[in-house]
Amino acid sequence: MHLVTTTKTLIQKLRDDDWETLLEEVTSFCKHQDIEVPDMNVCFSSVRQSRRKTKSITVEHYYRVDIFTAIIDQQLQELNNRFNEQIIKLLKLSTTLDPKNNYKLLYVEDICLLVNKFYP
C-alpha cells in the first residue's frame, strides 16, 4: 500500500510541478537526436477544429493541457478507482493474516476490526 500511495503522490507532483522539467528533457533529447521541436508559443491548429469554432490556444497549451494533464488525470483516476479508501483499509487489515515470520504482524484487534467491518 505504501507503493500505491507513493505512486499517486509522485504522479500528482508530476502533474502539478514538473511540466517544465519534462519539456526541457524532451527538448534536449530531440535536439540531440536532430528531431525538430515545434515552437511552443505559436497558435495550435487542429484538423478536428471547425472553422467557425476556432480556439486560440498555443502548441504548449495543447501538449500540456490536452495531452499531458489529461493522461495523468486518467492514470490518477484509475488508481483511485482501483484503490479507494475501503480497499486500502481492507488490504492493510489483511496484512495481519500474513504468515511471514510466524504471524509476527498478527494483531487480534486488527482481526476483530477486519471481521466487523468487512464480514458482517
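## How α2 and α3 pack

Helix α2 (residues 19-32) packs against helix α3 (residues 59-82) at an angle of about 115°, and their axes are 12 Å apart. That makes α2 roughly perpendicular to α3 (65 to 115 degrees counts as such). The axes are lines fitted to C-alpha atoms over the stretch in contact; the helices are DSSP runs of H or I, at least four residues in length.

This is a predicted model, in which local features need pLDDT of at least 70 and side-chain atom pairs count only at pLDDT 80 or more, while totals for chains, interfaces and linings use all residues. Residues are numbered from 1 along each chain as its sequence is written, and side-chain values use heavy atoms, leaving out hydrogens and water.

## Who meets whom

On the α2 side, W19, E20, L22 and L23 meet E60, Y63, R64 and F68 of α3 (contact means heavy atoms within 4.5 Å). By class, this contact has five nonpolar, no polar and three charged residues.

## Aromatic pairs

Rings of Phe, Tyr and Trp (its six-membered ring) pair if their centres lie within 6.5 Å; planes under 30 degrees apart count as stacked, over 60 as edge-to-face and the rest as tilted. The count comes to three aromatic pairs. One of them, W19 with F68, is tilted, at 5.1 Å centre to centre and 55° between the planes. W19 lies in α2 and F68 in α3, so the pair ties together parts 49 residues apart in sequence. Both W19 and F68 are buried (under 20% relative accessible area, with a 1.4 Å probe and protein chains only).

F44 and Y62 have ring centres 3.9 Å apart and planes at 10°, so this pair is stacked. F44 and Y62 are both buried, and ring pairs link F44, Y62 and Y63 into a cluster.

How values were computed:
Axes are lines fitted to C-alpha atoms, for helices over the stretch in contact, and angles run from 0 to 180 degrees between N-to-C directions. Helices (H or I, at least four residues) and strands (E, at least two) are DSSP runs, numbered from the N terminus. Angles under 35 degrees count as roughly parallel, over 145 as roughly antiparallel, 65 to 115 as roughly perpendicular and the rest as oblique. Ala, Val, Leu, Ile, Met, Phe, Trp, Tyr, Cys and Pro count as nonpolar, Asp, Glu, Lys and Arg as charged, and the others, Gly among them, as polar. Buried means under 20% relative accessible area, exposed over 50%, partly exposed in between (1.4 Å probe, protein chains only).
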